Amino acid sequence: MMSRMRYSRLFAPTLRDDPADADIVSHRLLLRAGYVRRVTSGVYDFLPLGLRVLRRIEAIVREEMDRAGAQELLMPMVQPAELWQQSGRWDKYGPELLRFADRHQHSSCLGPTHEEVICDLVARELRSYKQLPMTLYQIQAKFRDEIRPRFGLMRGREFVMKDAYSFHADDECLAREYRNMFEAYGRIFTRLGLTFRAVEADTGSIGGRDSHEFHVLAESGEDVIAHCSACDYAANVEKAVGVRDCLSGEADELSEVNTPNVTAADEVASFLGVAPSLLVKTLMYRVLCDDGRSEIVAACVRGDDQLQEIKLAHALDAASVELAGDQEINAVGAVSGFVGPVGLQCPVWVDRSLQGACGLVAGANRPDTHVVGLDMDRDVPDARVADLREVKNGDRCPHCEGVLALSRGIEVGHVFALGTCYTEPMDVLFQASDGRRAIATMGCYGIGVSRLVAAIVEQCHDDNGIAWPIPVAPFQLVLISMGQSDAVHEVSQQLYRALTDAGVDVLWDERKERPGVKFRDAELMGFPIQLVVGDRSLARGEVEIGLRGQTRESCAVEGVTERVLQLLGAGN
């Protein structure tokens, strides 16, 4: 990567106004500052400045992956269908997998991830336990045909990812590598200058046993994470567990009350004069099983809670769940808007917070009617219990006496302990120390490299533009020449050479533009250090230097290089 550039030669077309289709800060600023340009929905060009940031992130990722003992390789983006058919994901993955046939009608896909390809490679080369453990990684473009690409680089269809895969002789070895990669990720995001959190997470479409996500904390984040005020517990709301106080009304006989045109939980609570927490919210779902079967189930949470559908899917061991239609609801003895758990002709699942509760209110499965005095143990004796509710601010931590709070986060990394869910169907076998043939156990570890470009901007910006952390900035310093006098040009050129010789990445803004234009561009593009050379300060043998967004200080021309190196050292 070159360490210097004159602005007049730089291809960085800036925009005066925010693009109309850019909804979040990073999308707006990366377009306005000339870092990226849209090619088509969810696909972007990286212009020179954007590519420099991307390469700096990649360099940090590589250094830490190599330090952790992983080896880099490169696998193809095009993957044959038979590998995905062997793992069982060809039909399961869904429309995000872009499938196509070549001129010979051979089916392939554009890789959204590389578990199948790496397993195929290792299966052909692995012979003995003596070759294990091994961890291999790549940094490569991926493609996922998102139904609704949005937010620029945050959720695109084509993106750059670091994906690593580890293979082990046993689960104990996998656990050690999982921790090794977890710690490497912490070093990576710390070096990038980010405020982040690691949280327990659902394994999603990747599968496996355990997983953690790494989230950059930002209000624009699509994910919600719960974290404890008193301990290290943190989890994505798809998996987070919160503890609520047990709450029941007074025990009473089950009876019906007329509730005309009152269906929403808060409306029913107000109509009957009870707390929303005493209501039983019953939702009807169509459940799709892995074998293609579907069934209707009822899922119940308290009236002031929300049901977490991913938790429900896990409780049912289902491929997916979706809300049932009116005909399906009627078929199991319920009425839309007045559904309750009593007497349904389908399985009923209830959240743990309802277990043993009594004195509750629920739909009566008749129009304009609810029941009161509901006792869950007495009136729904066959209900199955699971953690189904989504945690809320103020829930108690499941591990200590702390209180849970919710924050928004941008997922930038994910580590999985996969076990044998890929290595078994892909026949990744080896000869164990006792001579038997054994199945390797596996982990995988991903980082969204191009998403990090946007995530950093979401966390590092102000009203004037981007504020890159020094380790990832496209240029560490912008040298701004104020005026066109011979003295300004000569001193600017002298400093340009001296700084680049000292290893500083310098962009020299020598354009014939007004000072205001140069300063606005420097702030918008986000270069960490500004060095200003002008006739007035040169008359005193000085220039002005300072960190972006802070007051510049005077510095003798002879001391510029030393001062810049001091600022860079403090910011790295």
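This is a predicted model: local features need pLDDT of at least 70, side-chain atom pairs count only at pLDDT 80 or more; totals for chains, interfaces and linings use all residues.
Phe196 has a relative accessible area of 24% and is partly exposed, because the buried class requires a value under 20%. The ring centres of Phe189 and Phe196 are 5.7 Å apart, and with 55° between the planes the pair is tilted.

Both residues belong to one aromatic cluster, whose members are Phe182, Tyr185, Phe189, Phe196 and Phe214. The structure holds 10 aromatic pairs. Among them is the pair of Tyr185 and Phe214, with 5.4 Å from centre to centre and planes at 55°, again a tilted arrangement. Tyr185 is part of helix α5 (residues 171-191), whereas Phe214 is part of strand β11 (residues 210-217), so this pair ties together parts that lie 29 residues apart in sequence. Tyr185 and Phe214 are both buried.

## Arginines over aromatic rings

Two arginine-ring contacts can be described. Arg511 lies over the face of Tyr7, at 3.7 Å from the ring centre. Arg99 has its charged end over the ring of Trp90, 4.9 Å from the centre of that ring.

Arg99 also falls within strand β6 (99-101), an edge strand of the sheet described next.

## The sheet of β5, β7 and β6

An open sheet is formed by three strands in the order β5-β7-β6, with antiparallel pairing. Its edge strands, β5 (78-80) and β6 (99-101), each pair on one side only. From one strand to the next, the twist averages 40°.

On one side of the sheet, β5 and β7 run antiparallel and are joined by three bridges. Val78 has Leu110 in β7 as its bridge partner.

## The hairpin of β2 and β3

Strand β2 (residues 36-40) pairs with strand β3 (residues 43-46) over four bridges, in the antiparallel sense. Val36 is placed opposite Phe46 in β3. The two strands make a hairpin with two residues between them. Gly42, in the turn of this hairpin, has a positive phi of about 75°.

## Overall features

The protein contains 14 helices and 32 strands. Its C-alpha atoms fill a box of roughly 95 × 65 × 50 Å along the principal axes. Of its 572 residues, 52% count as buried.

Contacts between residues at least 6 apart in sequence include 70% that join residues at least 24 apart. The pair of Tyr185 and Phe214, with its parts 29 residues apart, links a helix to a strand. The protein exposes about 25600 Å², and carbon and sulfur atoms supply 47% of this area.

Methods
Residues are numbered from 1 along each chain as its sequence is written. Side-chain values use heavy atoms; hydrogens and water are left out. Two strands pair if DSSP finds at least two bridges between them. Axes are lines fitted to C-alpha atoms, for helices over the stretch in contact, and angles run from 0 to 180 degrees between N-to-C directions. Rings of Phe, Tyr and Trp (its six-membered ring) pair if their centres lie within 6.5 Å; planes under 30 degrees apart count as stacked, over 60 as edge-to-face and the rest as tilted. Buried means under 20% relative accessible area, exposed over 50%, partly exposed in between (1.4 Å probe, protein chains only). A charge sits over a ring if NZ of Lys or CZ of Arg is within 6 Å of the ring centre and within 35 degrees of the ring normal. Contact means heavy atoms within 4.5 Å. Accessible areas come from the Shrake-Rupley method with a 1.4 Å probe; for residues, only the protein chains shown count as cover.
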